Amino acid sequence: MLCMLTYYVEWHMREAWRPLLFADNEVAERAATPDPVAAKEASASAQREKATQRAADGTLLHSFRTLLQDLASVMRNVCQATGPEGSQPSEFELDTQLSAQQQRAMELLKGIGT
């Protein structure tokens, strides 16, 4: 059951992140191939994206794994500041600043389930 839930969540993440991932968006147009087991060639736009590593709008593209690795650098640090001797150290949290791509990935995830 847990494995099925994991695949379900991953599928939704891949769909939400489609603009950031290497994904052939023209597959549906070519899905009417007479032979369902025949290997499908990547579309010209997918080949161009793979060669340049960029989408048509110039956005850097990732594989699912590399996007997760990029997001793995986001963290929350709990810091302690010491004051004068004998006083209690104060704690505060410091979050990593998100890059533009990380911010977009997080915003796209918010759209899941709406």
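Trainee: What makes E49 a buried residue that has no salt bridge?

Mentor: This is a predicted model, in which local features need pLDDT of at least 70, side-chain atom pairs count only at pLDDT 80 or more, and totals for chains, interfaces and linings use all residues. Residues are numbered from 1 along each chain as its sequence is written, and side-chain values use heavy atoms, with hydrogens and water left out. Buried means under 20% relative accessible area, exposed over 50%, partly exposed in between (1.4 Å probe, protein chains only). E49 is buried. A salt bridge needs a side-chain nitrogen of Lys or Arg within 4 Å of a carboxyl oxygen of Asp or Glu. The nearest side chain of opposite charge to E49, R48, is 6.6 Å away, so no salt bridge is assigned.

Trainee: Which residues does E49 touch, not counting those up to four places away in sequence?

Mentor: F22, A23, R54, A55 and L61, where contact means heavy atoms within 4.5 Å.

Trainee: Which residues make up the largest nonpolar core?

Mentor: M13, W17, L20, L21, F64, L67, L71 and A105, eight residues in all. The largest share, three residues, comes from α3. Such a core is a set of buried Ala, Val, Leu, Ile, Met, Phe, Trp, Tyr and Cys residues joined through side-chain atoms within 4.5 Å. Leaving aside neighbours within four places in sequence, A105 is in contact with W17, L20, L67 and L71.

Conventions:
Helix = DSSP H or I, 4+ residues; strand = E, 2+ residues; numbered from the N terminus. Lys, Arg positive; Asp, Glu negative; His and termini not counted.
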